[in-house]
Amino acid sequence: MVTKSFLSQAPRLAVWLVSLFTPYEQSDSILGDLLEEFSDLASKSGMAFARRWYWRQSVRTVAHLIGSGFRGGPWQIAGVVVVGFLLCFFCGGRLEEAVIAVLNFGRHPHDNPYYTWSQAQARIRLIEYGDLVGHFLLSLFIGCIVALAVKGREMLAAITLAFVLWVPAMALFLVWSARHGPFLPLQLITPLSDSIMIVIGGGIVRKIRSAAASRTTSVSDYR
Amino acid sequence: MSNRDYLGEFEHIVVLALLCLGDRAYGVTVRQEIEARISREVSIGAIYATLDRLEAKGYVKSHLGDPTPERGGRSKRFFRVSAKGIAAVNRTHLALQSMTVGLDLVRSY
């Protein structure tokens, strides 16, 4: 009973982080080992110490799993990231056209949609927000595609692509800041949110696949 | 795989820990054994990455134990060194011994 209460106090975010990066077949063993040592440390040295230990171990474990994932198939990861980058590059430019096409759907090309200045402003805002939402959805979709292409290393591929997209944007931001002063330009928000959505897409695919893998394992155990 | 394959430094340490632990060798005990013997804190991820590599080479074999409540219902993965693994340890030891013949390591450093 004491052990169970300790287990429920393990840092959930750290448990979730490790579960995202562990190979399916090792997931139970690695998470079980971490929890066993955590409950042992919590009973001997206190909860705060055990939680610090758990975080330290989780971060180092994830770093090792990322490293071994890259070493396991560097060309596969590189290929998938290149495809993802090209998808972002070519599909991203079509977004505005697609958003405008959706907004103009069913409207006659010679109709004037604007009667007042505020109506025209509202329409511009709609296009801007539509473009932003389109960006989010497209990045989520690309994150899912990239993760689907590499089984077992979904998060690795998604994070690498997110990094590849984010680094040039960050470099541009630094150059821009050096010239115009340090404040966050709106242009940086889109690549940053694109990167986050790609990682979320990878995470979704990973969670679905690990759930399917654990279902398969439990069925085969039952048989 | 040729008979000239030697174990890397950490592979060597992990295989020796497995040999020390015998039937009790799984992630937690291997990590604690290494920490107790050489005062080196290693992550569970590093242990599993190494054990996976050793298993792929055929030096180590593993099997799953029963799920236990202190692990949140998750099962342990036990490891043992195969005959091929023992041969690799011996080969590595011999190579190290051969390389240190004639060196007065304690006095020199």
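Author: Two residues are said to be in contact when their C-beta atoms, placed from the backbone, lie within 7 Å. The model discussed here is predicted.

Reader: What makes a residue a contact of L7(B), and which residues qualify once its neighbours within four places in sequence are left aside?

Author: The cut-off is a C-beta separation within 7 Å. With those neighbours set aside, H12(B), V15(B), A88(B), V89(B) and T92(B) are in contact with L7(B). L7(B) itself belongs to the segment before α1 (9–21) of chain B.

Reader: How do you know whether L7(B) is buried or exposed?

Author: A residue counts as buried if 20 or more other C-beta atoms lie within 10 Å of its own. L7(B) has 22 other C-beta atoms within 10 Å, and is therefore buried. In chain B, buried residues make up 31% of the 109 residues.

Reader: What is the overall pattern of chain B along the sequence?

Author: The order is α-α-α-β-β-α-α, which amounts to five helices and two strands. The C-alpha trace of chain B spans about 55 × 30 × 20 Å along its principal axes. Of the contacts in chain B between residues at least 6 apart in sequence, 48% join residues at least 24 apart.

Reader: Why is the arrangement of α2(B) and α3(B) described as it is, and which term applies?

Author: Angles of 65 to 115 degrees count as roughly perpendicular. The axes of α2(B) and α3(B) cross at roughly 110° and come within 10 Å; α2(B) is therefore roughly perpendicular to α3(B). In this pair, G27(B), V30(B) and R31(B) of α2(B) meet I44(B), I47(B) and Y48(B) of α3(B). By class, the contact holds four nonpolar residues, one polar and one charged.

Reader: In chain A, what term describes α2(A) relative to α4(A), and why?

Author: An angle under 35 degrees counts as roughly parallel. Helices α2 (residues 12–21) and α4 (residues 47–72) of chain A pack at about 15°, their axes 10 Å apart. The two helices are therefore roughly parallel to each other. Their crossing is left-handed. From α2(A) the contact draws on A14(A), L17(A), V18(A) and F21(A), and from α4(A) on residues including Y54(A), W55(A) and L65(A). The contact comprises nine nonpolar residues, two polar and no charged.

Reader: Which domains make up chain A, and where are their bounds?

Author: Chain A is divided into domain 1 (2–71) and domain 2 (73–222). Nine residues from domain 1 and ten residues from domain 2 take part in the contact between them. On the domain 1 side, α4(A) gives the largest share, four residues.

Reader: How many residues of each chain take part in the contact between chains A and B?

Author: In this contact, 16 residues of chain B meet 22 residues of chain A. On the side of chain B, the elements that give two or more residues are α2 (27–38), α3 (44–57) and β2 (74–81). Among these, α3(B) gives the most, five residues. The side of chain B that touches chain A has six nonpolar, five polar and five charged residues.

Terms used: Residues numbered from 1 in each chain as written. Chains lettered and ligands numbered in written order. Predicted model: local features only at pLDDT ≥ 70, side-chain atom pairs only at ≥ 80, totals over all residues. Nonpolar A, V, L, I, M, F, W, Y, C, P; charged D, E, K, R; others polar. Axes fitted to C-alpha atoms, helices over the stretch in contact; angles between N-to-C directions. Parallel < 35°, antiparallel > 145°, perpendicular 65-115°, else oblique. Left-handed = near helix turned anticlockwise from the far one by under 90°. Domains from an automatic or database assignment. Buried ≥ 20, exposed ≤ 12 C-beta atoms within 10 Å, placed from the backbone.
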